[in-house]
Amino acid sequence: MKIHEYQAKELFRQFGVPVPDGGVAFTVDEAVETAEKLNTLPVVVKAQIHAGGRGKGGGVKLAKTLDEAKQHASDILGMQLVTHQTGPEGKEVKRLLVEQGCDIDRELYLGMVLDRAQSKYVMMASVEGGMEIEEVAANRPEAILREAIHPLTGLTAFQARRLAFGLGLTGNAFKSSIRFMNSLVMAFFSLDCSLMEINPMVVTKSGDVLALDAKVNFDDNAAYRHKEFDELRDPDEEDPAESAANDSGLNYVKLDGNVGCMVNGAGLAMATMDIIKLHGGMPANFLDVGGGANVETVKKGFELILSDPNVKAVLINIFGGIVRCDRVAQGVLDAVEQTDVKVPVIVRLEGTNKEEGQRLLDESDLSIISAGSLEEAAKKSVEAIN
């Protein structure tokens, strides 16, 4: 789950991570009012969307007067902001962050993410603040400092000092950065995050360290522990199908292909997507309907898949372990009857009562293509499209 910059900064304040003063605005008048309350100029008017590269797209403006703040707010609110992360269609800006300007001396990068190769979280830092970290990693990997955080010890004092020294910090900036890193780690683990990124983290001319930007992603697997995060969701920034799937308890991610996938189990779903691609197709989505696939979950799965106009065929791959294959087959038949399915449907069942499930599919009057193996199902899906 992603949240906006202003929401991330409010959470940072709660854990002692220094951020500039500011506030959210949903109208031009609110933006001017927020700028007046800050009682300092210049201020920065920033578009709030779930994407990076806002500055390059014209979504971040410096205002030296209240009139400029009003003009920038008017220009940015309602604009279709296009960045390298939004795609060519862009995203409409419906809210702003208005915050005080900073007397910047240096721009740095600081972030935390899970390193699956080490099975540890890693704090990353770089002197290349303000740059796209992916670009830095590709062109100057030596510019990225990394410290793996052991789950029992957390970020140790010597690791924080090593990062601070690596960033070339001294004096008050050095001490401020140590406190900053420790507060960030506390926030990361307390909030069950999957990503925290501050780009740039700035050092002011007085030696203070501030999070000038803030990107926070929560781990969806820990959502049950943080019901308070539900109010931080912005449906306008989420894919409608993914949002509907989340509300229905399904795991759905839209992709760019044309073969819709409905599978029970994340690992089996990944394998299904791989073998579709192996045989020349492109998966249109990741959809895990869970171990207890039934009529309702299958029907909802069809609705989600068919909401994508690019889908030209649907491959259903179900392993009947927790639920029997004959019940899944009946669920598929009922769901196809109740849903306006106008594309080929390929079904592969494996597990308990497989033969009975296969018989139900073969004897039905519906246009369902059955397959005996995953490879056969993938081939038939690609052939159906071609």
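A cavity is a set of grid points where a 1.4 Å probe fits but cannot get out, and the close-up views below, taken from a predicted model, begin with such a space.

**View 1. The largest cavity and its lining.** A search of the whole structure finds 1 cavity of 30 Å³ or more, and the largest cavity holds about 30 Å³ of space. Its lining is formed by His 4, Gln 48, Glu 92, Lys 94, Arg 95, Asp 234, Asp 236 and Glu 237.

**View 2. The open sheet of 4 strands.** The strands of this open sheet follow the order β1-β6-β2-β3, and their pairing is antiparallel. Strands β1 (22-25) and β3 (60-63) form the edges, each of them pairing on one side only. From one strand to the next, the twist averages 20°.

**View 3. The pairing of β2 with β6.** Strand β2 (residues 43-47) runs antiparallel to strand β6 (residues 96-100), and 5 bridges join the two. Within this pairing, Ala 47 stands opposite Leu 96, which belongs to β6.

**View 4. Helices on the sheet.** Helix α2, made up of residues 28-38, lies across β1, β2 and β6, and runs at about 20° to β6. Helix α3, made up of residues 66-76, also packs on the sheet, where it touches β2, β3 and β6, and its direction makes about 165° with that of β3.

Technical notes. Residues numbered from 1 in each chain as written. Predicted model: local features only at pLDDT ≥ 70, side-chain atom pairs only at ≥ 80, totals over all residues. Heavy atoms only, no water. Pairing = 2+ DSSP bridges. Axes fitted to C-alpha atoms, helices over the stretch in contact; angles between N-to-C directions. Contact = heavy atoms within 4.5 Å. 1 Å grid on protein atoms, 1.4 Å probe; cavity = no way out; pocket = protein on both sides within 12 Å on 5 of 7 lines; lining within 4 Å. Points joined across faces, edges and corners; volume = space filled by probe spheres on them.
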